[in-house]
Amino acid sequence: MQVKGRRKATEYRRATGSGNRCLEGSAAQKSSFVTAASLILVLFLSSAAFFIPDRYLPGLILCDIFLVIHGLSRRGKLGVIVRVFLVQLIITMSLYYLIHGQGQLAQGALAVLRILLAFIPGWWLSVSCRAERIGEVLTWILPVKWAFVIAASIRLLPFMTVELREIYQIQCLRGARITPKFLRDPRNWPELINCVIFPLLIQLLKLSRQVAVAAQLRYFGKNKKPTHWR
Amino acid sequence: MDMVCVDMNLLKLDRVSFRYYSDSPLVLNEVSLSVRKGECHCINGPTGSGKSSLLNLIMGCLSRPFDGELHIADGVVLGLVMQDPNVQFIRQSVGAEVAFALENLAVPYDLMVGKVQAALRRVGLYVSLDMPIEQLSLGQKYRLMIAAQLVYEPDILLLDEPWAQLDDTGVEELMSVLRRLKADNVSIVLVEHNPAAFDDVVDQFWKLQDGKLTSGCFESAPVSFTRPGYVPVGKSVLAFEPFEFCFEEQSPLFLCHEHLELFEGEIVALVGDNGAGKSSLLKSIAGIQSNVRALPLAVLGKKPKLGIFGSELGLLLQRPNRQLFENTVLEEMQFSLKRFGLPLDNADRLLSELGLEHLKPHSPHTLSYGQQHLVALASLASLKPKVLLLDDPLAGLDQAFYCRVWQLLVRLSQQGTAILLSSHRQMSHMPVTRSWLLSDGVLQSEQGFMDSVNVG
């Protein structure tokens with residue numbers, strides 16, 4: 001049934017003359033190159049956050065400040081970065097305190113800083129480049145399906161952030177011991193995993209399946225060299 | 001399973017049977033259906049009757065084989081819009097979303113724009129191609145999903161339960177689109193709980209029940225509730241002074257010029273179109289909406305904040321199955337009772353009263369949509385909260401579950417719980433005490449209630 005249904009679509013594609021009349025505007029091409037450059041920059045900066053010696057961190061901090069300013073000018077929300085920073089700070093510092101005691105807290109703070117510096121370029125990329133353009137650029141080096149998965153994952157991030165917040169709030173209202181006050185006690189951490197992380201994973205699986213079906217119904221994977229909307 | 005081409009019909013199912021597992025009952029039992037050019041068929045039936053499975057079978061999305069024959073005429077293209085448009089979007093902007101199928105068909109970019117614009121015109125969506133999808137209303141999003149199918153010119157369009165998702169404006173917009181498509185000889189197959197809403201465009205109604213597809217409409221027991229004319233007023237549990245509701249750094253979403261109160265034992269419907277701000281208002285009342293300007297609001301005499309009300313306030317958000325996580329229904333029901341130190345047998349008693357006792361040992365994740373909905377609501381009801389906030393608690397429920405939810409709400413209100421529930425439709429035949437109407441950017445209480453109170 002699917003094969004017959006797709007026949008008309010294939011004829012339709014032939015009729016439109018794919019390949020020969022692919023006249024993409026220079027502005028669109030430029031946008032793709034800018035996205036490619038952005039991807040390389042993000043990869044470089046995020047990797048650097050983990051690998052460069054401490055003495056070079058101020059330079060990286062400066063780069064990330066520029067990215068934050070640029071991201072904010074593109075309507076990015078600072079609240080995301082602040083929340084990630086605070087969550088990282090609480091979890092990492094608590095772990096350092098529990099495992100190494102008070103003496104290693106400065107190392108813990110440095111680890112938090114490096115994680116934040118690795119996160120900011122990714123945030124900036126999601127704000128400044130469209131997911132579909134990132135997907136297009138990724139097809140230059142990856143199979144189409146992999147590029148789609150990465151682009152779709154980036155698109156789903158804001159949705160999953162909202163889901164995470166709402167599930168957390170629902171469970172807090174149901175009396176779960178997962179408010180910041182309760183989470184000071186590590187014995188309550190499994191409750192966070194049970195009643196927030198597991199339901200979130202279930203939602204993620206359901207959503208992934210629905211997106212996959214929606215993509216397949218619109219001929220995703222039928223052509224090895226798809227064209228791109230600009 | 002056999003697939004043959006026929007001339008007369010675009011689509012024909014001939015004695016198709018299907019089951020999900022070899023030991024499970026038949027979801028579809030010798031179902032036959034024919035669809036010709038330009039026809040509109042509506043398949044209705046209770047929740048879990050197999051309506052969506054039938055659409056998935058037609059689209060070839062089921063992983064298991066079926067018995068019988070599915071005939072698709074040569075060259076016929078099918079398009080499917082699933083229930084919730086929000087989970088089907090692949091791209092971020094309107095143009096890119098509609099163009100997705102064209103990309104996969106390798107249509108050159110210079111031909112895409114015209115085709116995308118034409119598809120958007122067919123659904124009456126006149127917005128910028130670069131407009132972010134998140135800025136569209138739910139009705140517009142639904143039409144966008146239809147455009148994303150129309151762009152590759154399907155002969156048959158399948159729609160999965162559009163009515164429950166859309167407000168009245170959205171349904172009216174959809175109706176005009178369907179009329180246009182019929183006029184263009186596009187065939188339509190829609191599955192729907194509420195077939196009456198599509199009376200104007202449907203040529204043939206079918207009911208799917210116990211796996212059998214027969215001509216006609218599914219009829220469930222009529223809903224009969226008494227609308228209380230006078231409610232004995234208990235204490236006020238929620239009070240608003242006049243306010244402007246606005247998100248930070250944005251202009252007001254809506255205004256309220258009057259003093260609003262919710263009393264013990266009341267059921268108040270908060271009615272407004274999709275996107276009017278109902279969900280955000282409910283979250284603000286529960287103290288979990290962080291990015292809105294402070295409201296002059298007192299709930300149980302306190303300024304709302306997450307976690308301060310304990311078991312006295314319950315909130316059921318949309319898609320309540322998200323909150324289920326325990327291994328059994330009984331454990332799920334007992335979770336909050338344990339945390340708030342309340343008697344655990346409240347859960348057993350409520351499950352018995354709701355006729356869900358047999359589900360106790362089952363995993364909540366194996367239940368039907370309606371059952372999950374009811375369990376999530378019951379887990380809040382077992383706490384006997386003083387204030388219960390429900391965000392569109394009836395969405396997607398068939399009449400049987402609809403009645404059971406109402407019975408539970410009426411019982412809670414009789415025990416003194418004040419209930420505020422949101423809906424995108426008026427509830428004139430339901431046992432609500434009164435309504436708060438949110439329209440044209442103004443929130444106001446339906447007139448009459450306070451008068452009757454004063455007279456009483």
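**Aromatic pairs and an open sheet in a predicted model**

Over all chains, 13 aromatic pairs are counted, where rings of Phe, Tyr and Trp (its six-membered ring) pair if their centres lie within 6.5 Å, and planes under 30 degrees apart count as stacked, over 60 as edge-to-face and the rest as tilted. One of them is formed by A:Phe33 and A:Trp140, which is a tilted pair because the ring centres are 5.7 Å apart and the planes stand at 55°. This pair links distant parts of chain A, since A:Phe33 belongs to helix H2 (residues 26-51) and A:Trp140 to the loop between helix H6 (131-138) and helix H7 (144-173), 107 residues apart. A:Phe33 counts as exposed at 53% relative accessibility, whereas A:Trp140 is partly exposed with a relative accessible area of 44%; buried means under 20% relative accessible area, exposed over 50%, and partly exposed in between (1.4 Å probe, protein chains only). A second tilted pair, A:Phe148 with A:Phe220, has 4.3 Å from centre to centre and 35° between the planes, and it joins helix H7 to the segment after helix H9 (189-217) of chain A, 72 residues apart. Both A:Phe148 and A:Phe220 are buried.

The model is a predicted one, in which local features need pLDDT of at least 70 and side-chain atom pairs count only at pLDDT 80 or more, while totals for chains, interfaces and linings use all residues. Residues are numbered from 1 along each chain as its sequence is written, chains are lettered from A and ligands numbered from 1 in the order in which they are written, and side-chain values use heavy atoms, with hydrogens and water left out.

Chain A contains nine helices and zero strands, helices (H or I, at least four residues) and strands (E, at least two) being DSSP runs numbered from the N terminus. Of the 230 residues in chain A, 40% are buried.

In chain B, ring pairs link B:Phe240, B:Phe243, B:Phe245, B:Phe247, B:Phe254 and B:Trp436 into a cluster. Chain B also holds an open sheet of six strands in the order E5-E6-E7-E3-E8-E9, with mixed pairing, where two strands pair if DSSP finds at least two bridges between them. Strands E5 (78-81) and E9 (212-215) of chain B stand at the edges with a single partner strand each, so one side of each is left without a neighbour in the sheet. Strands E6 (residues 156-160) and E7 (residues 187-191) of chain B run parallel and are joined by five bridges, and B:Leu159 has B:Leu190 in E7(B) as its bridge partner.
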